[in-house]
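Subject: Structure handover

Hello,

Here is the structure I said I would pass on. Please open it first, then read the notes below with it on your screen.

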Amino acid sequence: QVQLMESGGGSVPTGGSLTLSCAASGYTYARNCMGWFRQAPGKEREGVATIYTGNGATLYADSVKGRFTISQDNGKNTLYLQLNSLKPEDSAMYYCAARGTVSSVRCRTLDRRDFSNWGQGTQVTVSS
């Protein structure tokens, strides 16, 4: 059974930083497509960043490029998202997601419909 567990959310002022973690278990982590998504109240869930665990290739939403960094620790089956220069509009529930064993090319997506396994989420709140 695939399990994804996020942690690291919290409340920070504008310009602050947070590091989110996602512990993965129950499936083959290698050559997997994983990502971070977020959903604010009243809005659709949107893709933030994805990473292909096989070669570390990444993809970012334009809104977070240069501020957020997705990374992984394959030895620990853990995904990270470093959030810097946070803005109030970054406030949302952040979710970790896994697509499964796919090719690197098929991991170049930020579409939530391409991901089938989800964590419970961790809340990020940025105050102005």
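How many cavities of 30 Å³ or more does the structure hold? The structure holds one. Before going further, please keep in mind that this is a predicted model.

The cavity

The largest cavity contains about 40 Å³ of space. Its lining is made up of Thr50, Ile51, Tyr52, Ala57, Thr58, Leu59, Ser104, Cys107 and Arg108. E5 provides the largest share, with three residues.

Strand E5 covers residues 46-52. Six of its seven residues are buried, so E5 is largely enclosed by the rest of the structure.

E5 pairs with E4, and the two strands run antiparallel, joined by six bridges. One of the residue pairs to look for is Met34 with its bridge partner Ile51 in E5. Ile51 is also among the residues that line the largest cavity. E4 and E5 form a hairpin with six residues between the strands, and Gly42 in this hairpin has a positive phi near 80 degrees.

E5 also pairs with strand E6, residues 58-60, again in the antiparallel sense, over three bridges. Here Ala49 stands opposite Tyr60 in E6. E5 and E6 make a hairpin too, with five residues between them, and Gly56 in the turn has a positive phi of about 80 degrees.

The nonpolar cores

The largest nonpolar core has 26 residues, and those that touch the most other members are Trp36, Leu81 and Tyr94. The elements that give two or more residues to this core are strands E3 (18-25), E4 (32-39), E5 (46-52), E7 (68-73), E8 (78-83), E9 (92-101) and E11 (122-127). There is also a second, separate core of seven residues, and its members include Cys33, Val102, Cys107 and Phe115.

The disulfides

A disulfide is a covalent bond between the sulfur atoms of two cysteines. The structure holds two disulfides. Counting the bonded cysteines along the chain, the pattern is 1-3, 2-4.

Cys22 is in strand E3 and Cys96 is in strand E9, which puts the two 74 residues apart and links distant parts of the chain. Are Cys22 and Cys96 buried or exposed? Both are buried.

The other disulfide is formed by Cys33 and Cys107, with sulfur atoms 2.2 Å apart. The torsion about the S-S bond is about 80 degrees here, so the disulfide of Cys33 and Cys107 is right-handed. Because Cys33 lies in strand E4 and Cys107 in the loop between E9 and strand E10 (117-118), the pair ties together parts that are 74 residues apart in sequence. Buried means under 20% relative accessible area. Cys33 has a relative accessibility of 0%, so it counts as buried. Cys107 has a relative accessibility of 3%, so it counts as buried. As noted above, Cys33 and Cys107 are both among the members of the second core, and Cys107 is one of the residues lining the largest cavity.

Asp111

Asp111 is in the loop between E9 and E10. Its relative accessible area is 25%, so Asp111 is partly exposed. The side chains of Asp111 and Arg113 are joined by a polar contact of 2.7 Å. Asp111 and Arg45 are 66 residues apart in sequence, and their C-alpha atoms are 9.2 Å apart in space.

Two residues with positive phi

Asn77 is not a glycine, yet it has a positive phi of about 50 degrees. Asn77 is in the loop between E7 and E8, and with a relative accessibility of 24% it counts as partly exposed.

Ser85 is not a glycine either, and it has a positive phi of about 50 degrees. Ser85 lies in the loop between E8 and E9. Its relative accessible area is 41%, so Ser85 is partly exposed.

Regards

Technical notes:
Residues numbered from 1 in each chain as written. Predicted model: local features only at pLDDT ≥ 70, side-chain atom pairs only at ≥ 80, totals over all residues. Heavy atoms only, no water. Core = buried A, V, L, I, M, F, W, Y, C linked by side-chain atoms within 4.5 Å. Buried < 20%, exposed > 50% of the residue type's maximum accessible area, 1.4 Å probe, protein only. Helix = DSSP H or I, 4+ residues; strand = E, 2+ residues; numbered from the N terminus. Disulfide = S-S within 2.5 Å. Pairing = 2+ DSSP bridges. Polar contact = N/O pair within 3.5 Å; in protein donor to acceptor, adjacent residues only side chain to side chain. 1 Å grid on protein atoms, 1.4 Å probe; cavity = no way out; pocket = protein on both sides within 12 Å on 5 of 7 lines; lining within 4 Å. Points joined across faces, edges and corners; volume = space filled by probe spheres on them.
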